[in-house]
Amino acid sequence: MFKPLVIKDLVAKVPLIQGGMGIGISLSRLAGTVAKEGGIGILSTAQIGYRRDDFEKNSLRSNWQAIKEEFDEAKRIAKGGIVGFNIMVAQFQYEKIVQRCVEIGADVIISGAGLPVNLPELVEGSKTKIAPIVSSAKGAKVLLKTWAKRYNRTADFVVIEGPKAGGHLGFKADDIQSAIENMDNEVKKIVEIVKEYAETFKEKVPVIFAGGVFTQEDIQHYLSLGCDGVQMATRFVATEECDAPDDFKERYINAKEEDVKIIKSPVGLPGRAIHNSFYERIQTQTPIPIEKCRNCLSYKHCDRKTIPYCISEFLLKAVNHDTENALLFAGANVYRVNEITTVKKLIDELFDR
Ligand SMILES: Cc1cc2nc3c(=O)[nH]c(=O)nc-3n(C[C@H](O)[C@H](O)[C@H](O)COP(=O)(O)O)c2cc1C
């Protein structure tokens, strides 16, 4: 009933990408298992080495090593399945990180939190497939036009991230509600733009929708709008294989609709998170002085002196058993997650297998 997702020579049996989740939420176990079950598994490079012994001493070196370790382990679990990375444009040493992921053999790289204008030159000559994350027709057009002009190529696939996603959002806080109402129209426009560039380069460029996808009906809805697949993250947190600790997963299970909040991220974008003491704290008590800089964001995206709080510090608390005082990123539908399942059961349910 569902067609496989074809990205040039890569074929995922089900048209599903598991969204990258930093810090420490989508690592080798989750990404590897999703890939084994026929989807595309995505590791987040954000502080990917946080579980290593040397992380606090030298986080950059630790992350560098962990990129290969996590990828190799995910590939081992995946048994031939497709595994890639989510790398935020705002990440410290973005170019070097992309090149590292290419060098170790990433199948795909998905890049958002900014427009990845120079991504094509960083993967040139490799088999790694690339996708930008876009949230509007305008963003899609600017990016694809730039890639066409500058690199004479287009995207291998495109991820549209709507306003119901978890983590950082590509919308102004005041525009989120209207964006929710208008997103279907925007999706149709983006599908058309991608098609135009795909035709210019005589290629097939799949479009993937992310943000609030919860049921099989949701998947069918986005396919009916012209998409080729979906990216899902929030539902994968509540799986046995998700790399997050159990107390993080429990926050998802226990979240109610009124607990889903929009926060101001220091990156300058709004984000969606679960209500807790940290949420209350940042309403009144910023700036929170940085305890220790682990170089997560580029200097352009984080002025170490004026930043309202350190995003790494509070995302690390989320996976270090201090969920009450942490930034708990989650999608708009997190309150509908009521139990822990397995990746296989979830994918079987979504695709009627
Ligand atoms: C806990 C969490 C962490 C996330 N971290 C990242 C990230 O580091 N980079 C990124 O591009 N997207 C990130 N996202 C967004 C997801 O990859 C995904 O596109 C989005 O959440 C999809 O919506 P859904 O969660 O409703 O399925 C994160 C989402 C969650 C829930």
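By class, how many nonpolar, polar and charged residues does the shell around the ligand have? In this predicted model, the shell holds 10 nonpolar residues, 11 polar residues and two charged ones.

Let me begin with the ligand site. There are 23 residues around the ligand, and those that come nearest are Gly20, Glu161, Gly212, Gln231 and Thr234. Gln231 also brings its side chain to the ligand: an N or O atom there is 2.7 Å from a ligand oxygen atom. The backbone takes part as well. At Ala233, a polar backbone atom lies 2.9 Å from an oxygen atom of the ligand. At Gly22, a backbone N or O atom is 3.2 Å from a nitrogen atom of the ligand. As for burial, the ligand taken alone exposes 600 Å², and the protein buries 95% of that area.

Asn63 counts as buried because its relative accessible area is 8%, and the cut-off for buried is under 20%. Its side chain makes a polar contact with the side chain of Gln47, at 2.9 Å.

Finally, I come to the surface. Leu115, Val117 and Val142 form a nonpolar patch there, and together they have about 190 Å² of accessible area. Leu115 sits in the loop between strand 6 (108-111) and helix 4 (119-123). With a relative accessibility of 32%, Leu115 is classed as partly exposed, since that class lies between the limits of 20% and 50%.

Notes:
Residues are numbered from 1 along each chain as its sequence is written. This is a predicted model: local features need pLDDT of at least 70, side-chain atom pairs count only at pLDDT 80 or more; totals for chains, interfaces and linings use all residues. Side-chain values use heavy atoms; hydrogens and water are left out. Patches are made of residues with over 30% relative accessible area and no salt bridge: like charges are joined within 9 Å, nonpolar side chains (Val, Leu, Ile, Met, Phe, Trp, Tyr) within 5 Å. Accessible areas come from the Shrake-Rupley method with a 1.4 Å probe; for residues, only the protein chains shown count as cover. A salt bridge is a side-chain nitrogen of Lys or Arg within 4 Å of a carboxyl oxygen of Asp or Glu. Helices (H or I, at least four residues) and strands (E, at least two) are DSSP runs, numbered from the N terminus. Buried means under 20% relative accessible area, exposed over 50%, partly exposed in between (1.4 Å probe, protein chains only). A residue is near a molecule or strand if one of its heavy atoms lies within 4 Å of it. A polar contact is a pair of N or O atoms within 3.5 Å; within protein, one must be able to donate a hydrogen and the other to accept it, and residues adjacent in sequence count only if both atoms are side-chain atoms. Ala, Val, Leu, Ile, Met, Phe, Trp, Tyr, Cys and Pro count as nonpolar, Asp, Glu, Lys and Arg as charged, and the others, Gly among them, as polar.
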